[in-house]
Amino acid sequence: MRILGLILILIIQIQIRAEFVSKVNPDEFSIAQDAKYLIYDVNFGEGFNLRRDVYMRIANTVRLLRESGQNYILVLPPWGRLFHWDRQRIGLPWSTFFDVESLNHFVPVVEFRDFLKATSNSPIQQILYLQHYEEGWGDEYIMKFDERKCIQTPSTSQYRKNSKSEEWDGWFFGFKDVHAESFKCVSIQGDSGTLKNLVLKNFSEASSILIDRAETILHEHYGDVNYWRVRRSMRYSEQLRNAANEFRREYLDPNSDINLENDWRNQKKEKSSRTTKGGEYLGVHWRRRDFVTARGKDLPTIEETAKILTKLADELKVSKVYLATDAIDEEVEKLEKLLVEKRKLEIFRFQNYEDFNDGQIAIIDQWICAHAKFFIGSYESTFSFRIQEDREILGFPIETTFNRLCPNSEKQCEQPAKWKIVYN
Ligand SMILES: Nc1nc2c(ncn2[C@@H]2O[C@H](COP(=O)(O)OP(=O)(O)OP(=O)(O)O)[C@@H](O)[C@H]2O)c(=O)[nH]1
Ligand SMILES: *[C@@H]1O[C@H](CO)[C@@H](O)[C@H](O)[C@H]1NC(C)=O
């Protein structure tokens, strides 16, 4: 009874606080005034793993802005409407996939819904819609930006000025009652640093900016220490790590645990001297579906995949294969049949579709592959790249990580670029 009372009081207090937060007048609230919010969005068609890469570029822009003395907070764009997800969802917070506290140790971040609360749903001050230069790069690639008229695309037309309110309407991740005061197209060629310059030079008065088509800008220094710092900060949520870890222990290898520091900032180079062994299984990322149409000649057939995996399992002396794939059931069955026929291999997949959405299962697949004794991925798949990065963070020897499934006719093919982790 007493506990129940306590819970009730707690609930009431939380409600009062929530109401208080949403009613704060930003003009009278100096903290809200000081903080500036940078929100971003990515082209509709981009996949989950490229979007994770865009986060890194924008987080570095926010880092650079903060290093120039500006108190920017990165607003995390809700997940949803992803082309590859069979079960569509919208408006998912980052905590569905990532440890937000860990992200927060690189630059301050806030979920979109909390940003709306903190700013009492007042309009976003400025939308900057990034685009390329209509005339192309010219003779050389120079970093630059210019206000230009919008190159019309289906995604620019989502933004419309409401003739009554004079405010701009848009998709805004499917959230209602979100508007913007001003909208501009900017042609830009450059990286995280160029975007910082654009914001600093022309829009530092705005207390909130939405950068759309953020994938237009590149990394400032691909693979440098800040690339890896932000990458290391992108720890998966505890729920997903636990699910993957339990699966590993139960089905793959009870002794496949790898210790990481709780806080990525404390992870020292010496601790990852590439001695990580991983679990006694082979991790495979077998990308199918649209990849077969788009890059068929870079992928092995099902029969060839079975051959490669059988040979690898022999060499590695493992009998278990963890299969991460987007293949349709028929293809998986065919592959499984071939593998079991050829040699007594056991194939494992994580398939708890009840408790996890498509993006969560993708991350669980990745985290399990990241812990395998040996990993082999698919050519130029960002899904495979993210696994390779995780393995760099976990301290695996290079030769166990940067491998790809070669297409049919080639015994050996060009292997993935080895983007090695750096700590300073
Ligand atoms: N669960 C799971 N999903 C996968 C797997 N491979 C691909 N997918 C799904 O398909 C999507 C692949 O798109 P991306 O994340 O963009 O990665 P990508 O392989 O580089 O593909 P593109 O961006 O389309 O070139 C993932 O986000 C998943 O939704 C897999 O092994 N397991
Ligand atoms: C930045 O401001 C300058 C000066 O007001 C203006 O000429 C220029 O067009 C602006 N650039 C962008 C990208 O808004």
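Guide: Gladly! Contact here means heavy atoms within 4.5 Å. Please keep in mind that this is a predicted model.

Let's start with Ile188. Ile188 sits in strand β8, which covers residues 180–189. Is Ile188 buried or exposed? With a relative accessible area of 1%, under the 20% limit, Ile188 is buried. Leaving aside residues up to four places away in sequence, which residues does Ile188 touch? Its partners are Leu130, Gln131, His132 and Tyr133, then Lys144 and Phe145, then Thr194, Leu195 and Leu198, and finally Thr216 and Ile217. For a sense of scale, Glu46 is 142 residues from Ile188 in sequence, and their C-alpha atoms are 19 Å apart in space.

Two of those partners also meet each other. Lys144 lies over the face of Tyr133, 4.3 Å from the ring centre.

Strand β5 spans 144–147, and Ser155 belongs to the loop between β5 and β6 (160–161). Ser155 is buried because its relative accessible area is 18%, and buried means under 20%. Beyond residues up to four places away in sequence, Ser155 touches Tyr129 and Arg213. The side chains of Ser155 and Tyr129 are joined by a polar contact of 2.5 Å. Asp212 is 57 residues from Ser155 in sequence, yet 9.7 Å away in space, C-alpha to C-alpha.

Now to the aromatic rings. A pair of aromatic rings is described by the distance of the centres and the angle of the planes. The count of aromatic pairs in the model comes to 28. One of them is Phe112 with Phe173, an edge-to-face pair with 5.0 Å from centre to centre and 70 degrees between the planes. Phe112 lies in helix α5 (residues 112–118) and Phe173 in the loop between β7 (168–169) and β8, so this pair ties together parts that are 61 residues apart in sequence. Both Phe112 and Phe173 are buried.

Tyr222 and Trp419 make another pair: their ring centres are 4.5 Å apart and their planes stand at 65 degrees, so the pair is edge-to-face. This pair links distant parts of the chain, with Tyr222 in the loop between β9 (208–212) and α7 (225–233), and Trp419 in the segment after α13 (382–394), 197 residues apart. Tyr222 counts as partly exposed at 35% relative accessibility, and Trp419 is likewise partly exposed at 44%. Elsewhere, one aromatic cluster is formed by Phe48, Tyr55, Trp79, Trp85, Trp94, Phe97, Phe98, Tyr236 and Trp367.

Let's finish at ligand 1. It is surrounded by 18 residues, and the closest are Asn49, Arg287, Asp365, Ser381 and Thr382. A polar backbone atom of Thr382 is 2.6 Å from an oxygen atom of ligand 1. An N or O atom in the side chain of Ser381 is 2.7 Å from an oxygen atom of the ligand, and a backbone N or O atom of Ala324 lies 3.3 Å from a ligand oxygen. On its own, ligand 1 has 610 Å² of accessible area, and the protein covers 87% of that area.

Definitions and conventions
Residues are numbered from 1 along each chain as its sequence is written. Chains are lettered from A and ligands numbered from 1 in the order in which they are written. This is a predicted model: local features need pLDDT of at least 70, side-chain atom pairs count only at pLDDT 80 or more; totals for chains, interfaces and linings use all residues. Side-chain values use heavy atoms; hydrogens and water are left out. Helices (H or I, at least four residues) and strands (E, at least two) are DSSP runs, numbered from the N terminus. Buried means under 20% relative accessible area, exposed over 50%, partly exposed in between (1.4 Å probe, protein chains only). A polar contact is a pair of N or O atoms within 3.5 Å; within protein, one must be able to donate a hydrogen and the other to accept it, and residues adjacent in sequence count only if both atoms are side-chain atoms. Rings of Phe, Tyr and Trp (its six-membered ring) pair if their centres lie within 6.5 Å; planes under 30 degrees apart count as stacked, over 60 as edge-to-face and the rest as tilted. A charge sits over a ring if NZ of Lys or CZ of Arg is within 6 Å of the ring centre and within 35 degrees of the ring normal. A residue is near a molecule or strand if one of its heavy atoms lies within 4 Å of it. Accessible areas come from the Shrake-Rupley method with a 1.4 Å probe; for residues, only the protein chains shown count as cover.
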